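Hello,

Here is the structure I promised to pass on to you. Could you have a look at it before reading my notes below?

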Number of protein chains: 2
Amino acid sequence: MSLNEFELVDLYFKAQAQTSDSDVILGIGDDAALIQPPATGEVLAFSVDTLVADIHFHATDPAHAIGYKALAVNFSDLAAMGATPRYVLLALTLPTLDEAWLAEFCRGFFTLLKEHRAILIGGDITHGPLSITVQVTGTVPRTQALTRAGAHVGDVIYVTGTLGDAAAALTARGAQCGPLVQRLQYPTARINWGLALRGHAHAMIDISDGLLADLGHICEQSKVGARINVDRLPLSSVLRNEMDYASALNLALTGGDDYELCFTIAPTQADWLQQTAQTLNCPVQCIGEITAGSGIDLVTETGESWPEPTKSGYQHF
Amino acid sequence: MSLNEFELVDLYFKAQAQTSDSDVILGIGDDAALIQPPATGEVLAFSVDTLVADIHFHATDPAHAIGYKALAVNFSDLAAMGATPRYVLLALTLPTLDEAWLAEFCRGFFTLLKEHRAILIGGDITHGPLSITVQVTGTVPRTQALTRAGAHVGDVIYVTGTLGDAAAALTARGAQCGPLVQRLQYPTARINWGLALRGHAHAMIDISDGLLADLGHICEQSKVGARINVDRLPLSSVLRNEMDYASALNLALTGGDDYELCFTIAPTQADWLQQTAQTLNCPVQCIGEITAGSGIDLVTETGESWPEPTKSGYQHF
């Protein structure tokens with residue numbers, strides 16, 4: 001006999017969301033969850049992101065990957081503030097109540113949730129075209145929250161990991177492109193880097209719409225410009241093997257969905273950053289510097305100008 | 001020239017979400033909003049609800065009503081906890097970027113938001129089938145939050161307003177049914193009643209799926225039963241004129257979307273409740289009592305058994 005909506009919620013969500021966290025006064029199962037606020041000095045970070053089938057993922061992607069990514073893209077927003085993930089609400093719109101799909105979705109979702117010791121405190125399941133909205137709440141010491149507005153002229157610009165892989169997965173073909181698809185379907189929210197950069201970075205953003213678009217937000221909100229050395233952009237070997245160098249650079253500049261962090265920091269922190277990269281087992285790469293003025297200049301290692309790619313960030317409509 | 005997504009967000013959301021609330025450290029426009037936690041003794045109440053086009057509303061309904069209702073159903077969850085609405089995140093999935101529609105949607109949304117002095121702190125706009133997910137955060141003194149689990153044997157059961165109107169709007173025809181459509185499209189979140197009942201009510205829920213289904217949740221979570229006198233169910237004169245008495249009672253028992261509050265309270269509070277109803281200009285009606293055991297018995301004023309309606313609450317799938 002198939003289970004109804006309430007039984008499925010109990011089985012797949014309520015049971016897995018059990019917690020001994022004493023700050024959760026009341027979890028799933030009432031009109032609202034009740035949460036004890038954080039200690040003095042900490043503030044709350046709130047974010048929400050929706051993934052829509054056949055816009056942000058393919059409806060036929062593995063349900064496990066969809067569950068993982070729906071949470072990862074939200075955790076990435078908290079990482080970009082330097083916040084620790086704490087509480088999650090899940091609003092799930094499903095065309096059918098397919099128990100096997102839901103079980104796999106939850107397996108992906110809870111794998112990442114538990115990795116970060118965050119807690120599902122509530123949600124909503126509705127009937128309609130497949131779409132997932134996740135709301136996350138994190139905490140961060142008030143004086144250490146990292147915004148888009150703190151970049152200084154003379155800061156250097158870093159990115160974590162490699163760029164362009166997720167975008168390449170959309171067009172890549174062949175057996176060797178598995179790692180690219182992995183990057184697209186299972187993005188890593190750089191929570192550890194976000195926490196490490198508290199008190200060090202000056203401005204930060206996660207790269208969801210493409211480096212140029214997202215670094216552009218830092219420039220606008222910090223009222224500065226930037227110069228990027230395109231030959232310093234971190235490219236994975238898989239991406240390099242998949243296409244010519246110029247195409248790879250253009251994907252690194254404009255491709256969305258990488259969910260790496262882009263941040264600005266004083267040049268004196270270079271050694272500390274490389275030590276931290278070893279500790280966290282995730283590289284960072286200096287790709288340029290913050291300049292007076294506005295806009296982003298692209299140059300090569302030899303100082304020549306690099307043409308601005310035609311697609312500058314994901315357009316949602 | 002038509003505006004792009006970012007310009008529309010600035011015009012319709014960011015500009016209207018400006019606030020002087022010092023607890024909002026950082027509002028719309030970064031990776032996450034930053035909020036100062038509430039004072040000692042207060043806890044946070046979190047809820048999320050999705051409205052999907054042609055499931056929860058008609059895609060052709062006035063955009064003003066859709067914006068209003070998307071927020072009202074969420075505020076209703078806070079009302080049911082006795083919480084004050086504070087912060088709102090809006091995740092909007094739109095098939096097209098129609099500026100006229102968006103302007104009307106925002107007019108409805110912000111009318112209700114500002115009425116309760118709540119603040120829009122962030123959101124997400126995505127492309128896809130029309131759907132609106134709203135996440136609300138409220139605050140309530142820890143010792144006064146009202147859950148579904150506090151009903152005692154001997155409590156009396158009350159509901160605010162009238163029942164069945166919203167469900168009747170789905171089938172009603174003719175010029176006289178305007179007030180029913182108003183109830184369906186512009187539900188009133190009973191925030192004032194929620195606040196007034198702090199320290200008075202023992203258990204509370206909002207009626208979104210139908211009285212029997214929602215009172216059933218109170219009974220299950222409080223481990224009690226209930227007896228309802230169907231002749232005491234508050235029916236509007238419009239509903240009474242629209243159909244026969246038995247049909248009206250059945251809608252009052254099973255119709256969803258009324259968003260009235262159902263609560264249990266000591267019988268000694270009857271006078272205080274009627275005085276408060278006058279102050280708040282919204283009636284309450286005693287409809288029965290909490291009993292030992294489980295399940296809900298339906299009886300008439302003369303003590304006869306009333307047959308259980310076939311539809312007992314909205315089934316989502």
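In this predicted model, helix 1 (residues 5-14) of chain A lies across strand 4 (84-94) and strand 5 of chain A, and runs at about 150° to strand 5 of chain A. Helix 3 (residues 99-115) of chain A also packs on the sheet, where it touches strand 4, strand 5 and strand 6 (131-141) of chain A, and its direction makes about 165° with that of strand 4 of chain A. Contact here means heavy atoms within 4.5 Å. Axes are lines fitted to C-alpha atoms, for helices over the stretch in contact, and angles run from 0 to 180 degrees between N-to-C directions. Helices (H or I, at least four residues) and strands (E, at least two) are DSSP runs, numbered from the N terminus.

A few words on conventions: residues are numbered from 1 along each chain as its sequence is written, while chains are lettered from A and ligands numbered from 1 in the order in which they are written. Local features need pLDDT of at least 70, side-chain atom pairs count only at pLDDT 80 or more, and totals for chains, interfaces and linings use all residues, with side-chain values based on heavy atoms and hydrogens and water left out.

Six strands make up an open, mixed sheet in the order 5(A)-4(A)-6(A)-3(A)-2(B)-1(B), two strands counting as paired if DSSP finds at least two bridges between them. Strand 5 (119-127) of chain A and strand 1 (24-26) of chain B stand at the edges with a single partner strand each, so one side of each has no neighbour in the sheet. From one strand to the next, the twist averages 20°. Strand 3 of chain A pairs with strand 2 (residues 33-35) of chain B in the antiparallel sense, over three bridges. There, A:Leu44 stands opposite B:Ile35.

A:Asp54 has a phi near 65° and is found in the loop between strand 3 (42-52) and helix 2 (63-79) of chain A. A:Asp54 counts as exposed because its relative accessibility is 55%, where buried means under 20% relative accessible area, exposed over 50% and partly exposed in between (1.4 Å probe, protein chains only). A:Asn281 has a phi of about 60° and belongs to the loop between helix 10 (270-280) and strand 11 (284-291) of chain A. At 73% relative accessibility, A:Asn281 is likewise exposed.

Enjoy exploring!
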